[in-house]
Amino acid sequence: EPLAHYYDQLGNAAFGNFRTLLQTVTLSPMMGRYLSSLRNSKADPVTGQTPDENYAREVMQLFTIGLVQLNPDGTLALGADGLPVSTYNQKTITEMAKVFTGWGYPSTNLTQFRTAGRNLISPMQVFPSNHDDTAKDISPVSSTVIPAGQGGVKDLQSALDALLNHPNTGPFISKPLIRRL
C-alpha cells in the first residue's frame, strides 16, 4: 500500500507544478526511508552525530540541479579551464543536510520523534526540537543564506525554492524528459 500510494503521488503530480512535486517527494515517508531523511536529527556535539547527508545530496544530484552546470539548451557549461563546472560542493551538501533534519512520521505528540507510529502514507512532519534551526549557507545553490530561527517548514520551503530557481534545474530536468518522451 505505501509503495502504491507513493506511485500515485508521482502520477497525480506528473503534469502539475514541479515545485509541488518536489515537496511531495521530499515529505514522503517512503522517500524518507529510502534516502534516510526520515528521523534525520540535528547534530549532537556530545555524541558527535551529524545530520545524514544522503537526501541533501540526492535532491540536488538527481532531482534538481545535477552535478555540473548546463547551458540553457542543455549542453555542458565549461569553465575557463575547459572543464565542467560543479553545481555544488561538499559544504553545500553539509549545509543542505541541516534543512532535512527533524522530519519524522506524523504524530500529535512532538516528543515522539523516534517513537511515533510508522505511517508511510501521510507526509512527514517536522519535530522542532530535532531540527537544526541555525543559519544554512547553501551557496552555490543560492546567493542567500537560509536564516536562523525560522523553523523546519520555512527552511524546507526556502531550500526547495532555491533549488527550483537555480538556473540549472530547468535544463537538467528537461533534457532527460525530452530524450525519454
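The views show a predicted model, in which local features need pLDDT of at least 70, side-chain atom pairs count only at pLDDT 80 or more, and totals for chains, interfaces and linings use all residues. Residues are numbered from 1 along each chain as its sequence is written, and side-chain values use heavy atoms, with hydrogens and water left out.

**View 1. Overall architecture of the protein chain.** Seven helices and four strands are present; these are DSSP runs numbered from the N terminus, helices being H or I of at least four residues and strands E of at least two. Read from the N terminus, the order is α-α-α-α-α-β-β-β-β-α-α. The chain is as compact as a globular protein of 181 residues, because its radius of gyration of 17 Å is close to the 16 Å from the globule rule. This radius is taken over C-alpha atoms, and the rule is 2.2 Å times the number of residues to the power 0.38. Along the principal axes, the C-alpha atoms fill a box of roughly 50 × 40 × 25 Å. Of the contacts (heavy atoms within 4.5 Å) with a separation of 6 or more, 60% join residues 24 or more positions apart.

**View 2. Surroundings of lysine 136.** Lysine 136 belongs to strand E3, residues 136–137, and is buried at 0% relative accessibility. Its side chain makes a polar contact of 2.7 Å with the side chain of aspartate 155; such a contact is a pair of N or O atoms within 3.5 Å, where within protein one must be able to donate a hydrogen and the other to accept it, and residues adjacent in sequence count only if both atoms are side-chain atoms. A polar atom of the lysine 136 side chain also lies 2.7 Å from the backbone oxygen of aspartate 132. Beyond four places in sequence, lysine 136 touches Glu95, Lys98, Val99, His131, Val145, Ile146 and Asp155.

**View 3. Leucine 110 in the loop between strands E1 and E2.** The loop holding leucine 110 runs between strand E1 (103–104) and strand E2 (125–126). With a relative accessible area of 43%, leucine 110 is partly exposed.

Methods. Buried < 20%, exposed > 50% of the residue type's maximum accessible area, 1.4 Å probe, protein only.
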